[in-house]
Amino acid sequence: MHRLQYTTRLYSILILNLVLIFSITSCVEEFETDSIEYERLLVVDANISDQAKPHQVRLFYTSPIDNEIQNTQDVLSGAAVWVEDNLGARTDFFEQDPGYYYSPEDFAGEAGKSYSLFITTAEGKNYKSTTEELYAAPQISRVYNKFTIELGDRTANTIPGVQFFIDVDDTSIGSKFYRYEWSDVHQVIVPYPKQYEAIPSQNGYDIVPFTLDVEECYREDNFKELILATSSSSSNNQLIEVPIKFSDVNDFNVTTRYSIEITQRSISPEAYSYYRKIELFNESNGSLFDKQQGLIVGNITSLDDPEENVLGYFEVSGASSERIYMDYTDLDPEALEYLERTCTKYGGWQFRGSVEEFYQALDLPESIRGPEIARRGNFELVDLGARNELFFAHRLCADCRRRGSLNKPSYWE
Amino acid sequence: MRKFIALALMLLTLTAFGQQTTDVYSGSFQNTAIEQVINDIEGKLSYTFYYKKEWIDSLTFSGNFSNTPISEVLTTIFDGTTIRFYHDSKKVFLTNGIAIITTPEIVSDLLAQHSPQQAEQPAEETKELLFTKEYAGENQNNNDLENFVFEVGSRAQFEGGASSTMVGYIKDNSTGEPIEGALVYSGNKAAVTGPDGFYSLNLTNGRHEIQVQFTGMKRTKRKIILFSNGRFDIDMEVDVIALNEVIVEATRRANIEQVNTGIERLNVEDSKTVPAVLGEKDILKVATTFAGIQTVGEGAAGFNVRGGKSDQNLFLFEGATVYNASHFLGFFSVFNSDALEGMNVMKSGIPASYGGRLSSVFDISAKTPNKEEVTVEGGISSVTSRLTAEIPIIKEKASLLASGRLTYSNWILETIDHSDFKNNKVNFSDFIVKYDHQINQENRVSLSGYLSEDKFRLNSDTLFSFSDFSYANKMATAKWSRRFNATFDASLSASYSEYDYEFESTQLEKNAFGQDYGIREFGAKLDFNKDLQSPHQLNFGLEAKRYDINPGTKFPIGSESVAGSISLSPEQGIEGALYVSDNHEINDKLSLNYGLRYSFFTYLGPGITNLYLDDAPKNPDTKTGEIIHDKGDFIETYHGPELRFAARYLLDDNSSVKLSYDRSRQYLHALSNSASLSPTDLWRLSNEYIEPQVGDQISVGYYRDFLNGEYETSVEVYGKKLSNLVDFKTGADFLLNDRIETIALQGPGKSYGVEFSLKKDGRLNGWFNYSYARTFIKLDGSFDEETINNGSYFPTNYDKPHTINLVSNYEITTRFSVSYNFVYNTGRPITFPTGLYELNGIEILNYSDRNEYRIPDYVRMDIGLTLKWGHRLTKGSHSFWSVSVYNVLGRKNAFSLYFDLDDGEVQGYKLSVFGSAIPTISYNFKF
């Protein structure tokens, strides 16, 4: 009997301790950054590629870490900016907005040529990049998605979703080093576009017709992380399953069609190792195995003051893009099992009574009103029936603007 | 009434001269029990005899006396028996087989001339060495041995004023095991016992009081008279009270006597009541509370000794190198302390027989198993259970030690129904086996083996997300020690050690891959000790090692995977050293220990040397070609002398000053991007581009004991000059890197500091120390990417200027004690972001100069209680409960700081390994 008690006691202590041990890495607190001194350095964000378009060079300064990035402020304006190729041909860039310099529209780099960037500021300070060769980019062979469960940010929650991948069957023409960009768009067509609207007023709600067409919207998004891959260790010149983007399955809760465009940039090995350092710093944060962080200088140097650190990179790349369109039903079937289609789940709600009565039920105690009523808070009036009944629908299914914007992208097919 | 006084001979020492006796005695006996004869004498002459009944139980006497002088009577009675006597006035003291000398030899010689009939002529007896063991059965209370006067050497060879050498073995009287590291001293002369318990002490002939000290054993005193060279063995008793206590200092008086600075011996017993995290007594953790030994934080696997990098410490287990001394990222050391004898920590004044690392040596020895009886020791704590058994194989000759420790965390994790833990996995185990065979007094063989394994998967860490990670240490040692004579001994040992790790990333089926690393080391060492019978004691020998490294292979896992295979070419090297050192006692006050080690290293083929442009930084773009070397080619050889010097000068009985200088060379480097050692560190060899690290250290100290050694204090100051320290280019990626010269940087370093230390013995015991320590590195290459912080000296990752440690233990009763720890240190340096910018749509932080900022200071308090059960010695079994609370303040000490960028907002975060107080309970037993 005594022994038994002892075992139980010990066991509960064991659990207590283990909970403590294994939650160690989640013991994270916010830390005030006030003590850190701000260092103002020039940043050069410059890209040219083999695609004919206005290429952009952006010149600005670093901002303090307790401020938001404000691209329009603290820029380097009034500089002379140009690119020279290895044959000596010079292309000038012109400042259109403060700090933003653009090449002529027809300018395109050529594979096999090398380019350098030159900057002379209004004060006469000179900067120059190293010479970068342009490598052609191979075509992306496939874009597809697969069900994945990802871990939440610093929480132990898991997020079901899909990972978009690409394959490149033949990378033999590229530089073997790639940086990817994506932009995607969700098309949202709601099943109950609202015809009427209940507007709160002094005496409850006024029901007025709603004339805007809010049936069809588009939600666009862009990459915000470095996506790098290399085929240098691939045994057969293939790039297989390069992860490009993860989407929470709930991103598709009201999506009807979806499109993603992926741009593959064939970059120089030096650019790759520059980005790789930045990526390592970004991903190693908070790890027990922190990497050595420090200043990352790109390929731009000051010709006047060798001590001056210049940030940023003059990237020269061959680019190839691939866009796909798909219905939400084309997601990995396993992911569909986790997908909760809001409008299918809630449908419309026919109600006899006033708008006030519809919402008043919400004020009842939870035990009386039951879970059905609680959902009414998410519903809004969409239409009126022939016999004065009211039709309500989930707000996501009544107004597409809640999950997108009415502007249809020009490229949407 | 029997006057049953066992050898209370202290009484006699002052009454130097035996009384000229005129008593005469008459009597007649026929096979009479001697006791009866004594009774008769006592009755007739009013004498008192002191003796132990059992000595004379079986003795009878036949003969007649008629007015015979009493001394002649006594001589006649005990003739032919083992009984010796001393006669003083009306008292007669009997002993069994021991000659009693109560007067200084010169006086007693005179006495012998003046009264030829003096009680006993012990010259014959003294030729026979006396073993304290012979007393064991006769003296329940061994303390009395302390007042006994032993003769050492032969009286016949006595030469007044000359010096003689006394040698012998110090053993544990309960197990018969030799005690290594015991301090044997008399006055200002001291010696420390070797691995077989052997000591050698040079003293002037005459009377001495010898003292022996060793942690966990009672301090033992012996009175001797040294006639000539001779042998004297001493058995020490386990200090019962000390059994489960913190013993603050291993060897009292070692503080001031020891010649080398910066050497501490730590015994396992020391670690028992120091509150430890997760209930494991841990000898290596205790070491981090000593002045000058730091870690970069909780959960950091490596040690930083006096501003040294974590790869600059040589961990030896039974002479074999340990490449990763930590389980589970540093929360536990890889050794089950139950199976350990102790550890020598050397942070300066490193003897010439050790080499290969710049900062320190941690020489860890396994217990020599008990040869008398089976003992079992073990414990259960929150996370692990452990068991150690010592088994005699041949009584008094051979024995076996087997020890194991396991975690059961996996099982527990699975039973907790919480998704947070489902994908985490932590598992480790370690095993120690040692066989010890004392073939005879001259030869001893010991074999030992070690195995440890860690397996874990941590979801929350980005680097190892969904990666299974495992690493293992394997070691084996065989050692043969031989004593040729009293002044010359040798040992030959062979060792093997291996460290491997592997991780698997199988989250993406088509890119599933595994990656591994391994280092193997074969070593052999021949070591000689020669006592020159003068104030010189020589130690010399040679050592050779071979390294085989698999710097990394990557391989696809599963048939679906298209991950490419990468296999870096293996590295091989040989390292050798010759060394000689002399312990030279110039006089009572000044003692020197100087030596020279000459080490050499060869990077062996097969291999490839990459060639780079001369006037460009070494990186993959500047590679111009390569040279291919065949198997066995000497690709690059380095060699150089390492001078070691230590001196001690005794100012008076209680204080001394010491000075040491040493140089070390290191040919093996751990590549690590983190501030501390981590299991993914790669040990790589010096090659044609990576030069050996060389370190010089000068250390000066003042040592003083107070209140007869109850308080020990010291102040040590040191300075170090280092060259070719290995660091990295910013953002270096060294995994699977075949050309480490393209990412590594080498530069000079400097460290300096001062350490104050106070230790106290007694019911309230413990230690307190404060260190001020700085350490800097300079990376000033010829090119931008090889220059950090504009090529000026900057603090290293592990530069922590102020450190305070307090470890204390108060014994409330013999069963119950409480302990308290306090730790403070300055936060380590860190690189902070100082600006923010956006490039190609990505937000990027710009960082300050390397190590320009510091994380917040570290403060921690722990408390512990120890409650003993079955304390009585006779019960033969002990057990104790210990309850401790680690980090009782619940302070969230920062391990690191990091910054997250979210929509242009920078948020700083502080990562704490332990965010709250951690209570632990453990149960320990021994029988």
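Residues are numbered from 1 along each chain as its sequence is written, while chains are lettered from A and ligands numbered from 1 in the order in which they are written. Because the model is predicted, local features need pLDDT of at least 70 and side-chain atom pairs count only at pLDDT 80 or more, whereas totals for chains, interfaces and linings use all residues.

Helices (H or I, at least four residues) and strands (E, at least two) are taken as DSSP runs and numbered from the N terminus. In chain A there are seven helices and 23 strands; in chain B there are ten helices and 57 strands. A residue is counted as buried if 20 or more other C-beta atoms lie within 10 Å of its own, as exposed if 12 or fewer do, and as partly exposed in between, with C-beta atoms placed from the backbone. By this criterion, 36% of the 413 residues of chain A are buried, and buried residues account for 49% of the 927 residues in chain B. Two residues are in contact if their C-beta atoms, placed from the backbone, lie within 7 Å. Among contacts with a separation of 6 or more, residues 24 or more positions apart contribute 72% in chain A and 66% in chain B.

Several sheets of chain B were examined through strand pairing, which requires that DSSP finds at least two bridges between two strands. Strand β12 (residues 220–226) of chain B pairs with β6(B) in the parallel sense over four bridges, and B:Lys223 in β12(B) is the bridge partner of B:Val149.

Another open sheet of five strands in chain B has the order β15-β22-β23-β18-β19, also with mixed pairing. Here the edge strands are β15 (263–267) and β19 (320–321), each of which pairs on one side only. Strand β18 (residues 313–317) of chain B is antiparallel to β19(B), with two bridges between them, and B:Leu316 lies opposite B:Thr321.

Strand β24 (residues 375–380) of chain B is joined by six bridges to the antiparallel strand β25 (residues 384–394) of chain B, where B:Arg386 is the bridge partner of B:Gly379. Four bridges also join β24(B) to strand β57 (residues 918–926) of chain B in an antiparallel arrangement, with B:Glu377 opposite B:Lys926.

A nonpolar core is a set of buried Ala, Val, Leu, Ile, Met, Phe, Trp, Tyr and Cys residues joined through C-beta atoms within 7 Å. In the largest core, of 77 residues, A:Val44, A:Leu59 and A:Ile244 touch the most other members. Strand β55 (residues 894–902) of chain B supplies the largest share of this core, six residues. Apart from this core lies another, of 74 residues, including B:Phe331, B:Tyr499, B:Ile635 and B:Phe728.
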